[in-house]
Number of protein chains: 2
Amino acid sequence: MRGKILVVGGVAGGASVAARVRRLDEYAEVIMFEKGPHVSFSNCSLPYHLSGIVEDSSKLVLMSPEVFKKRYNIEARVHHEVVKINRDRKTITVKDLLSEKTYEESYDKLVLSPGASPIRPNIEGVNQPHVFTVRNVVDIDHLNTHIKQNGIKNIAVIGGGFIGVEVAENLILAGYHVSLIEFANQMMTPFDYDMVQILHKEMVDNGINLIVNDGLAKIEENYIVTNSGKKIDAETVVLAIGVKPEITLAKDAGLEIGETGAIKVDANYVTSDRDIYAVGDAIEVYHKILHKPTRLALAGPAQKQARAAADHIYGNMNRQKGVIGSFSIHLFDLNAAATGLNVRTAEQAGIQCDSVYVMPGDKVGLMPNSNPMHFKLVYEVPTGRILGAQAIGKGNVDKRIDVIATMITMNGTLEDLKDLELTYSPMLGTARDVVNHAAMVALNLLHGVYREVKVSEVRKLVEGNAFIIDAREKSEYNAGHLKNAINIPLSEFRERLDEIPKDRPVYIHCRSGQRSYNMVMALQHLGYTNVYNISGSYLGIS
Amino acid sequence: MRGKILVVGGVAGGASVAARVRRLDEYAEVIMFEKGPHVSFSNCSLPYHLSGIVEDSSKLVLMSPEVFKKRYNIEARVHHEVVKINRDRKTITVKDLLSEKTYEESYDKLVLSPGASPIRPNIEGVNQPHVFTVRNVVDIDHLNTHIKQNGIKNIAVIGGGFIGVEVAENLILAGYHVSLIEFANQMMTPFDYDMVQILHKEMVDNGINLIVNDGLAKIEENYIVTNSGKKIDAETVVLAIGVKPEITLAKDAGLEIGETGAIKVDANYVTSDRDIYAVGDAIEVYHKILHKPTRLALAGPAQKQARAAADHIYGNMNRQKGVIGSFSIHLFDLNAAATGLNVRTAEQAGIQCDSVYVMPGDKVGLMPNSNPMHFKLVYEVPTGRILGAQAIGKGNVDKRIDVIATMITMNGTLEDLKDLELTYSPMLGTARDVVNHAAMVALNLLHGVYREVKVSEVRKLVEGNAFIIDAREKSEYNAGHLKNAINIPLSEFRERLDEIPKDRPVYIHCRSGQRSYNMVMALQHLGYTNVYNISGSYLGIS
Ligand SMILES: Cc1cc2nc3c(=O)[nH]c(=O)nc-3n(C[C@H](O)[C@H](O)[C@H](O)COP(=O)(O)OP(=O)(O)OC[C@H]3O[C@@H](n4cnc5c(N)ncnc54)[C@H](O)[C@@H]3O)c2cc1C
Ligand SMILES: Cc1cc2nc3c(=O)[nH]c(=O)nc-3n(C[C@H](O)[C@H](O)[C@H](O)COP(=O)(O)OP(=O)(O)OC[C@H]3O[C@@H](n4cnc5c(N)ncnc54)[C@H](O)[C@@H]3O)c2cc1C
Ligand SMILES: CC(C)(COP(=O)(O)OP(=O)(O)OC[C@H]1O[C@@H](n2cnc3c(N)ncnc32)[C@H](O)[C@@H]1OP(=O)(O)O)[C@@H](O)C(=O)NCCC(=O)NCCS
Ligand SMILES: CC(C)(COP(=O)(O)OP(=O)(O)OC[C@H]1O[C@@H](n2cnc3c(N)ncnc32)[C@H](O)[C@@H]1OP(=O)(O)O)[C@@H](O)C(=O)NCCC(=O)NCCS
Ligand SMILES: [Ca+2]
Ligand SMILES: [Ca+2]
């Protein structure tokens, strides 16, 4: 084409567009504008500098402008901010932040990947020098230097999204006292309230002062004040309450902004101007399951969009499948991951759904490093279409979520999942994978084979003096049990049927829900019409 | 139903049938016949007793007959061998191996899950007491006791299937000198020859005396002799050359045996007698991709077949999707997994296919425990239908293969895989997952965007004095390089085009194939019509 392609932003989306353009066209002139000092850095690894897992912050930068020039013949202009798009004459106005000079650069095609910027709430004290956000290498260097050089002890992280959580974790690993303040009733919204409790516990167990249902009201020099009036020691504050898409350039240029407040693009990431593309955190994307625009500020999608945009410049169309939202996080000893919809988002969208919660071992129990995996599967009722899943555990929970992400992408149902033939050897898994288990349980419920109540309803049952059977063995029961629960082990119930009433609802639980399920089935065959398995069960209650 | 259901075999298939029948029918009389002393044991964990990873062999047994009785009201008759099926009167003849008494037991439905038995080759010395096979807890106890009590030093394992390999690994971990003898030119046939070299190396690096292309000719008291005449010290021999389906009962009863030599069943695991089912290692299954009967002696399929058979007894039909063959193994420091077809099996089946070999990092390079993953993807040409994959590395390679297994199950293509939105955070993965990489490379090849030669052809190229460019940096080149390869780093080639000939084929490699690919693309745009990327590249060659 021998054209001139300008790229705004030099990181996940921008650098990927530029590199792909070069492979498609050795002759194109490609210039990448980056207002910061670095291109091509690992945003996602930033928090790990705080703990020293990434000791040298310069390691966070994967490729310098020099390397871009030499390897890809791409010019990366750092410290250059694009301040205006002049669509009429197909130029951009650029400000050299070092010389303060401004100039115009013409384009044949322009690609915007300016990312998103951390939201700074408009509250008292927010502009003090001990208040930080984390978006790039400069940010993390500033924060890290500040806390180390000033002998900081107490740090408040505001916001329980994955960035806030990772920052909090790495600060704890570095030995600071950390409070995490979250306005909503839970952190990390990809998880449902029940699942996220496991992560809350992990945070608290590792020494984080976790405060939910409370917001930041005021920042003082040595403490913060929350909406509820709590005073929390904090000589340093990190704001991580979310990001807003960088749309100023696009908006000023009259490009269409979508309903979610991000740049609107078509199936090939073309904006409302056919010579301007946009990708990454700044755009809105189409949700495959919700069938509507959404935002998804993640690196994998940014890179994929970037490649598709470059392709379209060269006439290759993108098959737009929509996004599903796949997410993972490592948190102290746990891994957690989610994909698609959770019950909350599915219900908000008015999708008729149900969920199951299983917790089999992630490897054969005999093997070293075998651990329970908490797994929640969300599916449409009555179709059995898989809508999403969440998993938490010490093992490879994220890779199980990847299987569900694949299923959702391929429009899979519970039937597909039930028989899925996955790899198995005892050091690495179980003959029936957790996803098989979840699908079997879900199909049983979907087909009305038996009924269950969710663990969240147990408190009400206990308080209402419901008839609850603990189906575990006596020794397990003695080690701790639900108030009022009667111990009738699966191994004894057939001789103790006279203790189980037929004239009132019977609720049964065990450790994982599996032994109780076997008892529920038997009782149903024996003429009990009002038996319920308690899902999640003892492990979930405790 | 209140019928009587008899099950032959009490382990993976048998125990699963019985348990599922009980959940479907509290009134059925269920009797499980097992000729050995144990039901419900973890066959797959047997080898781990040799190393002490499973110290106490009784732990290998998951459930006793007593527990079966108490929990499931299932009678498990151990030491009871079923010696005959009397179809005319719907009974079986059973021999109590302790009392030596024989009796008949009637059935309404009979389920066969007798498994498979280790093949004992008909060679000299095979029946000596120091020659073992490994199929059950008794076997592994015998073997373990023998080698410990007799001060054995040298052990020969015959056969490089996964059982032989796991036995060899665990014997090495226990401190024995181990030779592994494999008749074919490679062990573990789920892997192609190129991929399995990594596993061969892992075996040798860990002290196993690995001998391929050679068979067992003779067993003496203190050594064995191979077909090629090698004498190998071995005071103990473990035979693991494969298993043959246990079809005697079925055959004697006139049940149809399939073309693969295993019991023939329909989509619901019904044999040619509608009152007799068969599942597990003893049956032949239908291959989803090959569209023909095959055998698959694995635990996951056995358990799933068992559930489906029980379901059919109660009128629930099974959606038969066919098998794909998903497999994993842990081997010293490596994990390895495969699913679907490899190039060898695809070509044998006459399927037009190609493959790609990529080796990106399994996590962000900065993070602890980041390791290269060797990943080979096999696909149909020209449809791009995914046929199979193999992966080897220190990380969660098996879970990546699970994604491919899911794709194959859902009839996915390279296009689906390229855009697959998987979970990502830097401690757990990369923004572009290895499966995305593999799909992009494969699509580039499928669409003729560039051409490559496989690493296996490199020796020929070197010997033929081909023009080979090493696109790595000088320091990497100096640390070791291919004979005759010219070092033109990706970062320099644009100034050194005069060194690259246009009149003869140019082959380019780097560490992983990625930098060389960028150079190939550029050269093509610059008018070079005869450039090839070397796939697998330096890491694969060395
Ligand atoms: C701390 C942290 C952890 C994260 N962890 C994960 C994770 O684990 N997994 C995951 O998938 N995602 C993660 N992300 C998100 C991921 O990094 C982003 O989704 C991705 O980087 C978005 O790519 P982008 O190109 O749109 O924006 P960016 O990568 O942010 O790049 C945009 C660049 O454009 C520059 N820019 C903006 N405006 C202009 C202008 N006018 N002129 C010149 N330059 C401009 C900015 O300075 C910026 O460097 C994380 C992000 C952060 C901050
Ligand atoms: C050492 C080893 C490691 C393995 N590792 C793995 C692995 O990592 N992953 C994997 O997927 N698979 C693995 N397998 C294979 C897996 O164990 C089998 O595929 C599975 O057990 C087959 O189930 P089945 O019910 O058909 O046979 P089995 O589980 O073998 O059960 C059959 C039972 O039937 C009994 N029996 C046979 N005939 C009669 C009769 N006439 N009367 C009474 N009883 C009878 C036998 O004694 C036997 O106990 C491994 C197998 C072994 C031996
Ligand atoms: C690295 C960066 C410049 C992009 O480089 P890229 O070359 O486009 O992307 P990748 O490194 O993923 O490589 C993918 C390319 O290599 C090819 N490839 C990968 N392995 C290959 C192999 N073994 N043989 C041949 N080609 C191979 C792929 O096909 C693809 O090329 P294509 O797009 O032309 O088909 C850009 O992603 C970047 O700067 N990233 C850092 C910032 C960031 O992403 N942050 C967020 C995550 S922490
Ligand atoms: C253990 C054994 C008896 C089978 O038991 P099983 O109960 O059929 O199988 P699982 O333990 O996998 O449990 C699956 C059942 O529990 C249900 N289940 C699992 N978790 C549940 C939960 N949380 N709530 C409700 N039900 C649950 C499933 O739906 C399924 O029931 P269904 O088939 O009626 O739908 C049998 O597999 C066995 O003996 N195995 C050992 C031998 C072996 O397999 N060896 C090879 C591998 S090493
Ligand atoms: Ca249980
Ligand atoms: Ca390389």
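A residue is counted as near a molecule or strand if one of its heavy atoms lies within 4 Å of it. The structure considered here is a predicted model, in which local features need pLDDT of at least 70 and side-chain atom pairs count only at pLDDT 80 or more, while totals for chains, interfaces and linings use all residues. Residues are numbered from 1 along each chain as its sequence is written, chains are lettered from A and ligands numbered from 1 in the order in which they are written, and side-chain values use heavy atoms, with hydrogens and water left out.

We turn to ligand 4 to begin with. Ligand 4 lies between chains A and B, with 32 residues around it, of which A:Gln514, A:Tyr517, B:Arg20, B:Ser40 and B:Arg307 come nearest. By class, this shell holds 17 nonpolar, 11 polar and 4 charged residues (nonpolar: Ala, Val, Leu, Ile, Met, Phe, Trp, Tyr, Cys and Pro; charged: Asp, Glu, Lys and Arg; polar: the others, Gly among them). Helices and strands are taken as DSSP runs, numbered from the N terminus (helices: H or I, at least four residues; strands: E, at least two). At least two shell residues each come from helices H11 (434-446) and H14 (514-525) of chain A and from H1 (12-24), H3 (65-72) and H8 (299-313) of chain B. H1(B) gives the most, with 6 residues.

A backbone N or O atom of A:Ser512 lies 3.0 Å from a nitrogen atom of ligand 4. On chain B, an N or O atom in the side chain of B:Arg20 is 2.6 Å from an oxygen atom of the ligand, and a polar side-chain atom of B:Arg23 lies 2.6 Å from an oxygen atom of ligand 4. The protein covers 92% of the 960 Å² of accessible area that ligand 4 has on its own (Shrake-Rupley method, 1.4 Å probe).

S30(B) runs parallel to strand S26 (residues 452-454) of chain B, joined by 3 bridges, and B:Lys454 stands opposite B:Ser535. Strand S29 (residues 506-509) of chain B is likewise parallel to S30(B), with 3 bridges, and B:Ile508 stands opposite B:Asn533.

Definitions and conventions. A polar contact is a pair of N or O atoms within 3.5 Å; within protein, one must be able to donate a hydrogen and the other to accept it, and residues adjacent in sequence count only if both atoms are side-chain atoms. Two strands pair if DSSP finds at least two bridges between them.
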